[in-house]
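Subject: Structure handover

Hello,

Here is the structure I promised to pass on. Please open it alongside this email; my notes follow.

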Amino acid sequence: MTRRNGYALLSAIIALIVTLSAAIYIGAASDDGSATGKSTPTKTGSGRGPVAPASTGLWVGAWSASPVGAEPGTELEGLAGDSVRNVVHTSVGGTSARITLSNLYGQSRLTITHASVALAAGSATAAAVADTMRRLTFGGSPTVVIPPGQQVLSDAVRMTIPADADVLVTTYSPTPSGPVTYHPHARQTSYVAEGDLTEDATGTAYTGQVDAWRYVTALDVLSHDSEGTVVVFGDSLTDGITSTQNANRRWTDVLSRRLRAAVAAGQDVPRYSVVNQGISGNQILASGGGRPADNQAGVGRFHRDALSRTSVKVVVIDLGVNDILRNPGLADPQRILEGLRTLVRQAHARGLKVVGATLMPFQGHRGYTDARENVRQQINAEIRAGRVFDAVADFDEAVRDPYNPRKFRPDYDSGDHLHPSDQGYERMAESFNLQDLKGAAPAEL
């Protein structure tokens, strides 16, 4: 090869490398890390413009809920022939939206032929703001088939979603699909109507009501303000089982509002969204029955429900009380602590910081014994000593009765001596140090 030919070949190789690098850069710059599908024209009145977002930003979790089990009474038909309208509440706002549907507990394929997302016209209503109604697609198609045990992410749709707002996510399945994957004890009324009324904005026909979320497990938004997601991983104390229906007074709701207010006031705190991955009755170590297991143990669902959330930056863990109360014998505090440390190690492997909560009191509850109280105290002592988590949210100290620290302060008690009142949930959120959300996982704990 002559020197001239050699230079020509080298120049061609360099040009090819530059071209490929530019293509890779452009592809990476336009990708948010999750597939959103192709732009597809939509039917008149069912959407505005292409599916893919035109602007830059970061996808964050605006709302989510953990799949818990198969809904009783849906074992054969599922919800065939019904429109299911879930009401979910946003932590932050954005300029585009996408949703996740789950068939985790299904025993056969779930066929969704029509799905939509819209802003609710008010609180505790199935009515939508008409001009916000958007038809959802999946890989460009309005129909999606979800195999049993699987989930699917919709394409993105352009729409302005405010923070602290109710959003309607509606699905229609024409064929029997077997057990419905759901999240009970939602403390949020959702709706059902006969027939395909997925894009009906009036909500008049949605006469069926349920305190559960069906199929939908996440709403993500493309945000220009948020820089990540805080995932709160817990049991009924996080799920908010005793909070006021349709009022968004779980402690995670209050934390989200505190965080937004702090950012608006110019405080030096992270601009994070907050999503709730609490399951009532959840334990660190033990699962319920069924295959897959209903109410899967924390150590089993942690990757699915916490580590895999969109743009997660920090995980907050509030688990352990059910391991004490639901153990037929006397729970071993060291096993519970090791379970918590297992979760922390998994989060650290992903570079995530973990804030952990002390276990709140439960004297007066039917499961209380002095021996169980001793187990709780041993666990809390390790947590407070800094030998479990990166930072501590001392909920025990925040809500306990100063005259009897084994029980709730009366105004923080819902009445069952285990779960907080609305005031108790608010106190939990107020006691949380927002500065603990800053930073990443330490090199060593």
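Is Phe 233 buried or exposed? Its relative accessibility is 0%, and the cut-off for buried is under 20%, so Phe 233 counts as buried. Bear in mind that this is a predicted model.

**Aromatic pairs**

The structure holds 5 aromatic pairs. One of them joins Phe 233 to Phe 302. The geometry is edge-to-face: the centres are 5.0 Å apart and the planes make an angle of 80°. Phe 233 sits in strand S17 (residues 228-234), while Phe 302 belongs to helix H4 (residues 298-307). The pair therefore ties together parts that lie 69 residues apart in sequence. Phe 302 also has a relative accessible area of 0%, so Phe 302 is buried too.

Look next at Trp 251, Phe 395 and Phe 432. Ring pairs link these three into a cluster.

One more ring deserves a look. Arg 98 lies over the face of Trp 59, 4.2 Å from the ring centre.

**Nonpolar cores**

The largest nonpolar core has 61 residues. Within it, Trp 251, Phe 302, Ile 317 and Phe 432 touch the most other members. Helix H6 (residues 333-349) gives this core its largest share, 6 residues.

Leaving aside residues up to four places away in sequence, Ile 317 touches both Phe 233 and Phe 302.

**Strands**

An open sheet is built from 6 strands, in the order S7-S6-S11-S3-S13-S14. The pairing is antiparallel. Strand S7 (134-135) and strand S14 (208-210) are the edges, and each pairs on one side only. S7 pairs with strand S6 (residues 114-119) over 2 bridges, in the antiparallel sense. Here Ser 116 has Arg 135 in S7 as its bridge partner.

There is also a hairpin, which joins S22 to S23 through 2 residues. Strand S22 covers residues 400-401 and strand S23 residues 404-408. These two pair in the antiparallel sense over 2 bridges. Asp 401 stands opposite Asn 404 in S23.

Over to you.

Best wishes

Methods. Residues numbered from 1 in each chain as written. Predicted model: local features only at pLDDT ≥ 70, side-chain atom pairs only at ≥ 80, totals over all residues. Heavy atoms only, no water. Core = buried A, V, L, I, M, F, W, Y, C linked by side-chain atoms within 4.5 Å. Buried < 20%, exposed > 50% of the residue type's maximum accessible area, 1.4 Å probe, protein only. Helix = DSSP H or I, 4+ residues; strand = E, 2+ residues; numbered from the N terminus. Contact = heavy atoms within 4.5 Å. Pairing = 2+ DSSP bridges. Phe/Tyr/Trp six-rings, centres within 6.5 Å; stacked < 30°, edge-to-face > 60°. Lys NZ or Arg CZ within 6 Å of the ring centre and 35° of its normal.
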